[in-house]
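Me: I would like to learn how to read a structure like this one. Could you take me through a few features?

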Amino acid sequence: MVTAHSRTAARLMISPAVVLLLGWMIIPLSMTIYFSFLRYNLLSPGMEEWAGLTNYRYFLTDPAFFAALTNTLLLVGGVLLITVVGGTALAVLLDQPMWGQGIVRILVIAPFFVMPTVSALVWKNMFMNPVNGLFAHAFKAVGLQPFDFLSHAPLMSIILIVSWQWLPFATLILLTAMQSLDQEQQEAAEMDGAGVLSRFIYLTIPHLTRAITVVILIQTIFLLSVFAEILVTTNGGPGTASTNLTYLVYAQSLLQFDVGGGSAGGIVAVILANIVAIFLMRMIGKNLDT
Amino acid sequence: MARAISTRRKATFTLVAWAIGIAIFFPILWTFLTSFKTEAEAIASPPSFLGFAWTTENYSVVMERSNYSRHFWNSVVISVGSTVIGLLIAIPAAWSMAFVPGRRTKDVLLWMLSTKMLPPVGVLIPIYLIFRDTGLLDTRTGLVIVLTLINLPIIVWMLYTYFKEIPGEILEAARMDGASLYNEIIYVLTPMAVPGIASTLLLNVILAWNEAFWTLNLTAAKAAPLTAFIASYSSPEGLFYAKLSAASTMAIAPIIVLGWFSQKQLVRGLTFGAVK
C-alpha cells in the first residue's frame with residue numbers, strides 16, 4: 001500500500017545520504033583524476049602545469065611500482081591463503097561438541113578488535129624483535145640463532161601480522177555458515193558409510209563455498225588498503241621490500257609532495273580495487289533478490 | 001536420531017580448541033601481562049609469565065607523560081560522533097528503502113556499497129588539500145566528517161537488513177487505524193527498530209575506533225585519536241615494552257569488550273547480509 005504521498009516522503013528521506021555519498025565520491029575522485037594529469041608538487045606551489053600522461057608513464061615504469069604491485073598481490077594472496085584455510089579449519093573445529101565453546105570463540109575473535117597500530121607494534125616489538133622479542137627468546141632456548149623478522153623477511157612478517165588480525169573474521173563468518181549445515185544430511189551420509197574426509201569434501205566444502213567467496217572478496221577490499229601495519233613496522237622498507245600500492249601512493253604524495261604522481265598512483269589503485277569490487281557487487285546483488 | 005558423542009571425543013576437541021584459542025589470544029594476553037611488569041622484567045630473558053612483581057606504575061607514567069586522556073577523548077568523540085551523525089542520516093534512508101521500495105532501490109543500495117570499495121588512497125590527496133585549505137587538518141570535526149562518510153554505506157546496509165525484517169502488516173494495520181506517517185514512525189516502527197539501531201551503533205563505533213588510515217594521515221598532535229597516539233610509540237618509545245603495553249591495553253580493552261557483545265552483528269554488518 002504505497003501512496004504517492006509516501007513515495008515523495010521516501011525520496012526526501014533518502015536524499016541526504018545519496019547526496020553526501022555522491023559528493024564524497026565525485027568531488028575528491030574527479031580532483032584526483034585532474035591532479036593526475038598535472039605536474040604538481042606541494043613544494044613548488046603555483047607551478048602547476050598540464051602534463052598529459054607523463055605521471056602515469058613515470059608511475060607505471062617506476063621499478064617501485066612493480067615492486068609495490070608484486071608486494072600487494074603477495075600480501076593479499078598470502079593473507080587470504082592463511083585466513084581462508086585456517087578459518088575453515090577453525091570453523092569446523094569450533095562447530096564440534098566441546099566444553100566452553102563460547103569462551104574459545106571469544107578468544108579466537110578478539111584479535112579482530114585490536115586496532116591495527118597496536119597489533120603491529122605489539123608483534124614488532126614484543127614478538128619479532130631480534131633481541132628482546134619472545135620469538136628470539138624461544139629460538140635461543142632451543143639453541144638457534146634469533147631471526148630478525150622485519151629486516152630479513154619484512155613482507156612475510158607483515159603477512160603474519162595482518163593474518164592474525166583477519167583470521168577471526170574468516171573464522172566467524174565460516175562458523176556462522178557452518179551452523180546452517182544440514183545435520184540430517186550429514187548423518188545420512190555417515191550411515192551410508194561416508195568417512196570424515198569424504199563428508200568434508202562433498203558436503204561441508206560445497207556448503208561453505210558461498211561464505212568463502214564472500215570472505216575472499218570482502219577481505220580483498222580491505223587488504224588492498226593495508227597501511228597502518230606497514231607504516232609502524234617497516235615504513236615500507238628495507239628499500240621497497242614491504243611497500244604496497246597504498247603505501248607507495250602515500251609516500252609519493254605526502255612524503256615527497258608529488259601530488260601529480262601520487263594521484264596517478266591513486267587512480268591505478270582505484271582501477272585495481274574496482275576489478276575486485278565488480279565481482280563482489282554481483283554476488284551481493286544476487287543475494288538481494290532472494 | 002541424535003548421534004551419541006563419546007566423552008572422549010568431546011574431551012579431545014575441547015583440548016585442541018582451547019589450545020588454539022589460547023594461542024590466538026596469546027599476544028593480547030601477553031600485552032596485558034607485560035603492562036604490569038617493570039621495564040627490566042619486560043625484556044628479561046627468560047621472560048617471566050606470572051611470577052613477577054606486579055606494578056601499575058606504567059599506567060600512571062603513560063597517563064602523566066603523554067596526553068593520554070586527550071587522545072582517549074578524541075577517540076571517543078570521533079567514533080561516537082561519526083556513528084551518531086551517520087545514524088541520523090542513514091535511518092531515514094534505510095527506512096524508506098525498506099518500507100517504500102521503488103524500482104531503483106536495489107541499484108541505490110548497491111551503488112552506496114560501491115562507494116565503500118573506493119580505496120582511500122584514491123581520494124587521499126584531494127581530501128588532504130581540502131582539509132589544509134579549510135583548516136580541518138588535525139581537527140576532530142574533520143575526522144568526524146570523513147569517518148561519517150566512509151562508514152555511511154555500512155550503516156545504511158545494516159539498518160536496511162534489520163528494517164527488512166519488520167513485518168509490513170503491522171504498518172498496514174497502523175494505517176488502517178488512521179495513524180499518520182509521523183505517528184507510524186514514532187509509535188509503531190521505532191520500538192521495533194531499536195535493537196537493530198543499537199547493534200548498528202555498536203559495530204560502527206568499533207570500526208571507527210580502529211580506523212587507521214584517515215586518523216593517521218589527517219591528524220597530528222591535537223586531534224590524534226588512540227590509533228595515531230599508539231603509532232607514535234613506533235620509535236623510540238616502542239622499546240619501552242611495559243609502557244607500550246600499558247598504553248595498548250588501555251586503547252584496546254574497551255573495544256574488545258564491546259566487540260564480544262557484537263559478534264553476531266559483525267557477521268551481518270561486514271558481509272552486507274550475504275551471510276547470516
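Reply: Happy to! The axes of helix 4 (residues 101-109) of chain A and helix 1 (residues 7-34) of chain B come within 7 Å and cross at roughly 30°. Axes are lines fitted to C-alpha atoms, for helices over the stretch in contact, with angles from 0 to 180 degrees between N-to-C directions. Helices are DSSP runs (H or I) of at least four residues, numbered from the N terminus. Helix 4 of chain A is therefore roughly parallel to helix 1 of chain B (angles under 35 degrees count as roughly parallel).

Reply: Two notes before we go on. This is a predicted model, where local features need pLDDT of at least 70 and side-chain atom pairs count only at pLDDT 80 or more, while totals for chains, interfaces and linings use all residues. Residues are numbered from 1 along each chain as its sequence is written, chains are lettered from A and ligands numbered from 1 in the order written, and side-chain values use heavy atoms, without hydrogens and water.

Me: Which residues of helix 4 of chain A meet helix 1 of chain B?

Reply: Contact means heavy atoms within 4.5 Å. From helix 4 of chain A come A:Ile103, A:Val104, A:Leu107 and A:Val108, and they meet residues of helix 1 of chain B including B:Trp18 and B:Phe25. By class, this contact has 9 nonpolar, 1 polar and no charged residues. Ala, Val, Leu, Ile, Met, Phe, Trp, Tyr, Cys and Pro count as nonpolar, Asp, Glu, Lys and Arg as charged, and the others, Gly among them, as polar.

Me: Is B:Ser82 buried or exposed?

Reply: Buried means under 20% relative accessible area and exposed over 50%, with partly exposed in between (1.4 Å probe, protein chains only). B:Ser82 has 2%, so B:Ser82 is buried. This serine lies in helix 4 (residues 68-99) of chain B. Leaving aside neighbours within four places in sequence, B:Ser82 is in contact with B:Val77, B:Val144, B:Leu147, B:Thr148 and B:Ala208.

Me: Where is A:Ser225 found?

Reply: Look in the loop between helix 10 (196-223) and helix 11 (228-233) of chain A. A:Ser225 is buried too, at a relative accessible area of 16%. Not counting residues up to four places away in sequence, A:Ser225 touches A:Thr246 as well as B:Pro119 and B:Pro120.

Me: And what does A:Val162 touch?

Reply: A:Val162 belongs to helix 8 (residues 154-178) of chain A and counts as buried because its relative accessibility is 0%. With residues up to four places away in sequence set aside, A:Val162 touches A:Val79, A:Leu223, A:Val226 and A:Glu229.

How values were computed: Helix = DSSP H or I, 4+ residues; strand = E, 2+ residues; numbered from the N terminus. Parallel < 35°, antiparallel > 145°, perpendicular 65-115°, else oblique.
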